[in-house]
Structure formats: C-alpha cells, structure tokens
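Please read them with the structure open.

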Amino acid sequence: MDPYTLDRDGLAALLERFGERAAPSYRVRQIRRWLARGVDDGAEMTDLPATLRAQLVEAFDPSPRVLRESTADAGLTRKVLLECGGPGGEAVESVLMLYPRSRRATVCISTQAGCALGCPFCATGQAGFRRQLGLGEILHQVTVMQRLLARGVGVTDAPDHVTNVVFMGMGEPLANLEPTIAAVRWLTGRPEEGEGFGLSARSVTVSTVGLVPGIRRLQGLGLPITLAVSLHAPNDALRDDLVPVNRQHPLADLLAACRDYVAATSRRLTFEYVLIEDINAGGDDARKLAELIRGGFPDGPVPHVNLIPMNATPAVPWRAPPTAAQRAFAAVLEGAGIPATLRRNRGTAIDAACGQLYADYALSSGRTLPAAEGAAQRLEAVAATRPAPLGRKP
Ligand code: SAH
Ligand code: SF4
C-alpha cells in the first residue's frame, strides 16, 4: 500500500493489525512525521522498534528507483528517470531546475505516465497514455530531488531543499484529479503536525490543459496555489487542432471557469502559450489573444501570459519562431496591458524542456502518432494560407 494515501485512522488500523502495543496515536504521529520529511521507507524510520520497521517495509510500496540521471546547463538542470512499479513497469521523468541567484530550486513533476490528450506538439501526448500515477509516486519525485539537494549538487549557492513545485511534467494533472489534489495537500501541509512538506501554496503551480471540472474542484480547495492554463490559440478553430480537448471544453467555457477562479481566489492566473512558427505566433494571433484576454477579464487581476518557445519533439517538424518574432508577440500583449514573459527554456540538450518528456517510450506508430498526424496535416494547410509571421522578412 501507498503510505501517503493512509490517513491517521488508516495508519492506526494498520498498526492494530500488526499487534502494535504502544498508543496508536503516538506511533501514528511518529510515522507521519517521517512521511512529512519525505521518508517512506520503513527501514529508515529509525525511532521505531525494529519489528515495526520490518512490518512497515513489508506493508508499504517500495520507493520508486532512480533509473537514470542526466544534467545540462552546467548542472543547473537535472532530469531523473524514475521507475514506478505496477503492471506495465512504467517509468516517469521529473526535472530539477536551480536558480542560485534567487535561491530557488524548482521541481517539475509528472502526474501520469504518458498522456491521453494528444496535443500534437507535445512529446508526452505523442507517446500516448500509459497509466495514472499514485499519490506516493507523485510525491516521490519531490523527495528524490530533496535528497539530491540535501546531499549537495555541486552548484554554488544552490538551496539545500526544494523551494517550488510545478505540475508541468508528463501528463495532465486534472485528468488524475484526486491524487493531484492529495499531492497539493501533502506539499503544502504543516510538517510539525505530520501533515505535509511545508511548502507555501504560492510556490506550487498546477498547469492544466483546461479541464473545466478540475479547475472548479481546485477552486473549491481554497488554497492560494498558482493555476496555469495552457491556451496556445486565440480562437476555437485553431485550438481544436492544437489542443484537441478544446472540443469538450471550448474557450468560452474555459474562460468562464478561469474568471470564476480569479474572482474566488483573487490570485493572478497564468496562461501558457507555446509559440509555434507559422502556426500560432503571428501578429494577428497576438492581437486576437490580447483581445480575448482583455475581454475575458474586465475586473480583477489581468492574467499573466507565459510564452514558451516551442521545443523540438520527435513527431512533428514545428519549431519556435525567431527571437525577434517572440519578442514582438510579447510586445503586442504588453501594449494591451497584459503582463507577458518569454520563458527561457532549460534542459533542451537532455530532452528535459517543456513538452519534451516521454521517458523513452516508443512513440506509438513509428515517429508519428495517428492523432498528431491528422492535426499536423490540418495545421500545415492552415500555415500555408497565413501571412508571414512577425519579425520575419517576407
Ligand atoms: N498537461 C498539462 C501540464 C504538462 S505540459 C498542460 O498541458 O498544461 C506543461 C506545459 O508545457 C504546457 O503548457 C504545455 O502546453 C507545454 N508544452 C507541451 N509541449 C511543448 C513543446 N514541445 N514546447 C514547449 N512547451 C510545450
Ligand atoms: Fe497532455 Fe499537457 Fe502534453 Fe497536452 S500538453 S498532451 S495535456 S501533457
């Protein structure tokens, strides 16, 4: 069993089954304090009696194993491949990014092995869905990095602990909703009570492709986490192709959910927008996007737009527009009073940048997924009829 899924009563029942004689609430507190420190291997819970330690080792799922580690950007970016048990023997990838100047250590974690939502530009989507990750498997990605940092990663001024967590790795967090919500609670709960890792909610970001029911559930949590919504297109016609789940949750519904989220939490929302040359990165797209956002959020904080230059992925030939065009796109948004930043991508040398994680899964059909293929063809047709993008000489 996964120890992180057991509440206090569940743990007490387990101890009772073991015939543990000490007051259960005392032992439960001891075990939960270890879990809150990221230790889920019974053998390492050194203040417990040896028999109980052995029973816990027997009862708890084994910790996922690190299969591979690779680094890039002079040690500032580190990708870890974790083996998760289970029927398919799946593996997932997580990324640690160090920002010594601001004393930040950000972990980008996965919530699913693969993804079923098939955004054609994304390697995880191209690889297809393998399985959901459990709560322990999600949290482990954080605790593995925590251990690396505590041991020292050989980078001057690197923090010795995780400071930020972003749900931007493999998979769609809100398509694995309960474990995602439980993970947010564990990340932000108070360690002294054995309730969590003690991160501030503001340093946790959940990125979603825009699953409306999930956004409404997150809103109900009442935690000031940062919500990032992947937009990628200023209208339904283009978004239907770039983000196929838009057919179930079109822009009007998505923006209504985002508006409600902002009204209820008073938090500034982030929109993510992957810039793909000749597809969604022209001046017209920028102006339409500005209109959509200005019109959608007349009151409350205007969402921030995070522009992500497209990273190369195996199944499609698309790429980021030239830097001048990226800046011009950002300038259009800024001009309309919408805060916009260009994300500096990390880890491209080790396939660790946004959208590049696929844990070496064989892509479903050679190098192109059927779903990606159809969308790619439609988009090539769209691209052929579009005016030259910003920043590029005709
Ligand atoms: N499923 C969630 C979270 C994981 S992806 C989501 O889609 O939001 C995290 C971010 O990386 C998303 O904004 C996603 O659109 C973006 N992304 C995917 N593929 C990319 C690529 N090839 N280049 C740049 N960003 C990409
Ligand atoms: Fe899934 Fe997000 Fe990739 Fe789309 S961008 S396929 S939702 S992981």
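Predicted model: local features only at pLDDT ≥ 70, side-chain atom pairs only at ≥ 80, totals over all residues.

The points below cover the ligand site, then one serine.

1. The shell. Ligand 1 is surrounded by 21 residues. The closest are F121, S207, S230, H232 and N311. By class, the shell holds ten nonpolar, nine polar and two charged residues.

2. Where the shell comes from. Three strands deserve a look: β8 (204–208), β10 (270–275) and β11 (304–309). Each supplies at least two residues of the shell around ligand 1.

3. Polar contacts to the ligand. H232 uses its side chain: a polar atom there lies 2.6 Å from an oxygen atom of ligand 1. F121 uses its backbone, with a polar atom 3.0 Å from a nitrogen atom of the ligand. N311 also contributes a backbone N or O atom, 2.9 Å from a nitrogen atom of ligand 1. How much of ligand 1 does the protein cover? On its own, ligand 1 has 530 Å² of accessible area, and the protein covers 96% of this.

4. S203, location. S203 is found in the loop between α6 (177–188) and β8. Is S203 buried or exposed? S203 counts as buried because its relative accessible area is 10%, under the 20% cut-off.

5. S203, contacts. The S203 side chain reaches two backbone oxygens. That of S200 is at 2.7 Å, and that of T163 is at 3.3 Å. Leaving aside residues up to four places away in sequence, S203 touches T163, N164 and V165.

Key:
Residues numbered from 1 in each chain as written. Chains lettered and ligands numbered in written order. Heavy atoms only, no water. Near = heavy atom within 4 Å. Polar contact = N/O pair within 3.5 Å; in protein donor to acceptor, adjacent residues only side chain to side chain. Areas by Shrake-Rupley, 256 points an atom, 1.4 Å probe, with all protein chains shown as cover. Helix = DSSP H or I, 4+ residues; strand = E, 2+ residues; numbered from the N terminus. Nonpolar A, V, L, I, M, F, W, Y, C, P; charged D, E, K, R; others polar. Buried < 20%, exposed > 50% of the residue type's maximum accessible area, 1.4 Å probe, protein only. Contact = heavy atoms within 4.5 Å.
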